[in-house]
Amino acid sequence: MSTLITPRPPRPTRVNDGVGASAARPDGVPKVRGAFEYSSDLSREGMLWGATLRSPHPCARVLRIDAARALEVPGVHAVLTHEDVPGSGTYGMKVSDQPVLAGEAVRYQGEPVAVVAAEHPEAARRALERIAVDYEVREPLTDPEAALEPGAPLVHPDGNLVRHVRIRHGDVAAARPRADVVSAGEYEVGMQDQAFLGPESGLAVPDGDGGIDLYVSSQWLHEDRRQVAASLGLPEERVRLTMSGVGGAFGGREDLSVHIHACLLALRTGRPVKMVYNREESFFGHVHRHPARMRIEHGATRDGRIVYMTARLLMDGGAYTSTSQVVIANACYFAAGAYEVPNAEIDGCAVFTNNPPCGAMRGFGAVQSCYAVESNMDRLARDLGLDPVELRVRNAMTTGTVLPTGQAVDGPAPVAELLRRLEAMPLPPEPGHHRDPRAWPGGLGGVTRGEGLRRGVGYAVGVKAIGYSGGVEDVCTARVTLGVRDGRPRAEAYCAASECGQGVVTVQAQVVRTELGVADVEVRNADTLIGDSGSSSASRQTWMTAGAVQGACRAVRANVLERAAALLGEDAGRLALDGGAVVRADSGETAVTLPELLAGGEVAETFVYRHRPTRRIDPETGQGDAHIAFAFAAHRAVVEVDTDLGLVRVVELAVCEDVGKAINPRAVEGQIEGGSAQGLGLALMEEVQVSGGVVRNPSFTDYLIPTILDMPPVRIDLLELPHPDSPYGLNGVGEPPTLSSTPAIANALRAATGLDLPASPCVPGSSPGWRG
């Protein structure tokens with residue numbers, strides 16, 4: 001018998017003054033104690049369980065679906081197919097091309113075909129086994145290069161090309177003769193999973209009047225609502241989404257998962273329906289990082305000045321669009337890296353295949369291109385006979401650098417300083433200084449004791465845009481209320497920003513206390529009853545939410561001072577808000593306390609924050625002022641390789657990042673450590689193994705992610721150069737560490753072994769290690 005958690009309404013998070021973990025992260029203590037409520041913990045009296053039937057084939061026609069025997073299973077209340085979708089049969093963030101339930105064809109292994117609602121999860125599982133589906137299996141298209149060839153099988157009727165991005169900057173043909181040394185390489189990045197620990201889940205509750213309430217973990221509630229409402233055939237105001245505890249996201253919750261299916265079943269049965277994926281189903285239920293094949297060429301003078309570069313990027317988007325068209329654009333925008341490149345030709349393509357759909361993941365395309373360009377910079381340094389750090393510093397981007405897209409960098413660009421700070425850090429002790437076998441590559445499971453041990457050091461630097469780019473409207477809405485409770489001033493912040501573990505709830509409370517001087521602050525749970533706050537992605541949420549809450553607070557403050565001025569018969573310009581009272585600005589004397597002033601009612605203000613406008617990139621030349629800000633991070637990796645066994649240990653990761661202003665230093669360091677861990681995983685351990693369109697390792701037994709035993713010490717140096725356009729000078733920090741950590745480790749491996757090939761995860765069932 002399953003244990004159900006007693007349903008409780010969403011509770012606000014209160015952040016009070018004080019020190020310790022509870023002050024820094026209000027969700028920290030309940031998460032550590034196991035008391036935090038995730039979306040998988042939701043329940044409701046009379047609830048049914050939903051389950052999904054998925055295609056075992058990566059490419060097939062659907063000839064027949066017969067659910068008659070499934071409906072005979074005791075406890076089954078509904079079996080739905082594509083014919084039961086009342087609204088749009090497809091959905092998607094950018095392009096509505098993904099079927100809610102497959103009808104005529106399936107295009108990847110794991111595509112949903114039918115959904116079931118039953119009294120018990122076991123009854124739902126038995127019903128799925130009884131649904132008869134006849135498939136006409138076809139040969140899948142799985143090679144992205146083959147997808148571009150004339151006459152290739154079409155994954156979609158209008159072709160296999162998702163998008164071609166073309167960037168032309170300067171004159172590469174004229175620059176080629178000036179290059180004394182030309183270095184070129186081909187690089188690949190595998191398919192990485194977001195590997196969040198909380199699988200997809202949600203609870204849909206019919207409101208009894210034809211509408212629906214959905215409690216779900218999400219990165220963007222309003223965008224989810226738009227897609228859900230369209231497929232349900234309902235106006236958006238009849239669909240309400242409430243944020244439930246998110247067990248990690250990293251881009252994997254930007255696309256829908258259980259959302260529409262749970263709502264369809266709830267509306268059909270008239271009862272609450274809960275859906276929870278297990279780990280294997282989660283691998284099929286969300287998008288992954290795009291695998292990429294890339295060719296980079298650098299031409300430089302003998303003294304190490306880059307005169308031109310070219311890049312060709314090919315990304316496998318899998319069966320549906322998701323965000324592929326934006327991911328390939330972002331990869332191309334930063335394919336030249338964090339460097340002064342006067343002449344560049346960059347071409348990038350994303351294509352459809354019958355592999356699993358790919359979309360957003362931390363770094364959003366810039367991870368792939370950073371790996372390629374930073375690997376080739378080490379190759380260029382070797383061909384020039386230059387130190388890899390010196391080569392990077394000589395070509396480092398600065399404020400005023402013109403990007404290949406034609407945009408000048410107008411904020412801080414401390415690339416050279418980041419690298420020099422890393423270089424100045426002392427290296428960890430040499431391997432001969434330790435004898436603990438847990439410190440050797442392979443640990444206690446290794447069969448050598450370092451006889452073939454080699455150490456390598458590698459550097460890399462990454463750059464990425466912050467926020468939405470290319471003319472996309474980027475807004476965030478917040479409401480702040482100031483009132484009195486139990487005789488004390490109390491403020492409330494309300495915003496739809498998604499708390500994915502990055503600490504945006506804490507940031508809201510910090511901003512309110514900073515702007516209003518009120519210690520008692522309550523942050524309401526996010527839902528769609530307030531205006532849109534955009535996605536917790538693109539390292540934008542702290543910037544945008546802080547701007548919205550700050551704007552609302554300042555409107556509240558102005559309102560309070562006007563009210564006090566009217567009460568006192570004084571000029572509002574001579575008054576100030578300080579520590580729970582209105583004071584006279586010249587003397588600091590209390591004019592009226594907030595409990596006295598607000599006895600007649602609270603003050604509430606809503607503010608919509610917008611950053612400066614951006615412009616669309618020209619599709620022919622790739623030119624345009626597309627970005628609002630840039631973030632930079634650099635890594636130094638120290639690795640040890642047992643060359644006899646191919647075992648690898650990362651001894652230390654050092655990272656220096658410009659964070660603008662560290663609003664919450666603990667949270668910033670956590671973001672850097674987490675991003676570095678995911679970069680390490682991509683470098684050494686993580687890859688979704690797909691063969692013939694079939695996923696071979698959909699579990700954490702065979703898909704390996706770094707554990708505490710795999711993570712080295714992470715030495716962090718925060719550089720705080722306030723950004724001129726952001727609230728408090730802050731900048732996005734979550735994605736840049738994921739960019740540079742992977743190539744730094746790969747460059748360290750090359751330095752240790754002398755091999756040009758990067759690391760690659762071992763196949764499922766074999767011992768973890770490194771294969772060159």
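Modeller: Helices (DSSP runs of H or I, at least four residues) and strands (DSSP runs of E, at least two) are numbered from the N terminus. This is a predicted model: local features need pLDDT of at least 70, side-chain atom pairs count only at pLDDT 80 or more, and totals for chains, interfaces and linings use all residues. Residues are numbered from 1 along each chain as its sequence is written, and side-chain values use heavy atoms, with hydrogens and water left out.

Biologist: Where is the place of His 120?

Modeller: The relative accessible area of His 120 is 32%, so His 120 is partly exposed. Buried means under 20%, exposed over 50%, and partly exposed in between (1.4 Å probe, protein chains only). The place of His 120 is in the loop between β8 and α4 (121-130).

Biologist: How many aromatic pairs does the structure hold?

Modeller: Rings of Phe, Tyr and Trp (its six-membered ring) pair if their centres lie within 6.5 Å; planes under 30 degrees apart are stacked, over 60 edge-to-face, and the rest tilted. By that rule the number of aromatic pairs in the structure is 7.

Biologist: Is the pair of Tyr 108 and Tyr 320 stacked or edge-to-face?

Modeller: The two ring centres are 6.1 Å apart, with 80° between the planes. That makes the pair of Tyr 108 and Tyr 320 edge-to-face.

Biologist: How many residues apart are Tyr 108 and Tyr 320?

Modeller: Tyr 108 is in the loop between β7 (105-106) and β8 (112-118), and Tyr 320 in the loop between β17 (306-316) and α10 (324-333). Both tyrosines are buried. The pair links distant parts of the chain, and the two residues are apart by 212 residues.

Biologist: Which residue forms one aromatic cluster with Phe 283 and Phe 700?

Modeller: The cluster takes in Phe 283 and Phe 700.

Biologist: Over the ring of which residue does the charged end of Arg 540 sit?

Modeller: A charge sits over a ring if NZ of Lys or CZ of Arg is within 6 Å of the ring centre and within 35 degrees of the ring normal. Arg 54 lies over the face of Tyr 277, at 5.0 Å from the ring centre. The charged end of Arg 540 is 4.7 Å from the centre of the ring of Tyr 468.

Biologist: What are α7 and α8 to each other, oblique or roughly parallel?

Modeller: Axes are lines fitted to C-alpha atoms over the stretch in contact, with angles from 0 to 180 degrees between N-to-C directions. The axes of α7 (residues 221-232) and α8 (residues 259-269) come within 10 Å and cross at roughly 45°. Angles under 35 degrees count as roughly parallel, over 145 as roughly antiparallel, 65 to 115 as roughly perpendicular and the rest as oblique. The two helices are therefore oblique.

Biologist: Is the crossing of α11 and α18 left-handed or right-handed?

Modeller: α11 (residues 366-384) and α18 (residues 736-753) pack at about 35°, with their axes 8 Å apart. A crossing is left-handed if the near helix is turned anticlockwise from the far one by less than a right angle, and right-handed if clockwise. The crossing of α11 and α18 is right-handed.

Biologist: Is Thr 545 buried or exposed?

Modeller: Thr 545 lies in helix α15 (residues 541-568). Leaving aside neighbours within four places in sequence, Thr 545 is in contact (heavy atoms within 4.5 Å) with residues including Cys 476, Cys 495 and Gln 508. The relative accessible area of Thr 545 is 1%, so this residue is buried.

Biologist: What separates the C-alpha atoms of Tyr 494 and Cys 370?

Modeller: Tyr 494 lies in strand β21 (residues 488-495) and, at 3% relative accessibility, counts as buried. Along the chain Tyr 494 and Cys 370 are 124 residues apart. Their C-alpha atoms are separated by 37 Å.

Biologist: What is the phi of Ala 195?

Modeller: Most residues other than glycine have a negative phi. Ala 195 lies in the loop between β11 (181-189) and β12 (201-206), and at 10% relative accessibility Ala 195 counts as buried. Although not a glycine, Ala 195 has a positive phi of about 55°.

Biologist: What is the relative accessible area of Gly 363?

Modeller: Gly 363 lies in the loop between β18 (344-351) and α11. Beyond its neighbours within four places in sequence, Gly 363 is in contact with Asn 330, Lys 464, Glu 735 and Leu 739. Gly 363 is buried, because its relative accessible area is 0%.
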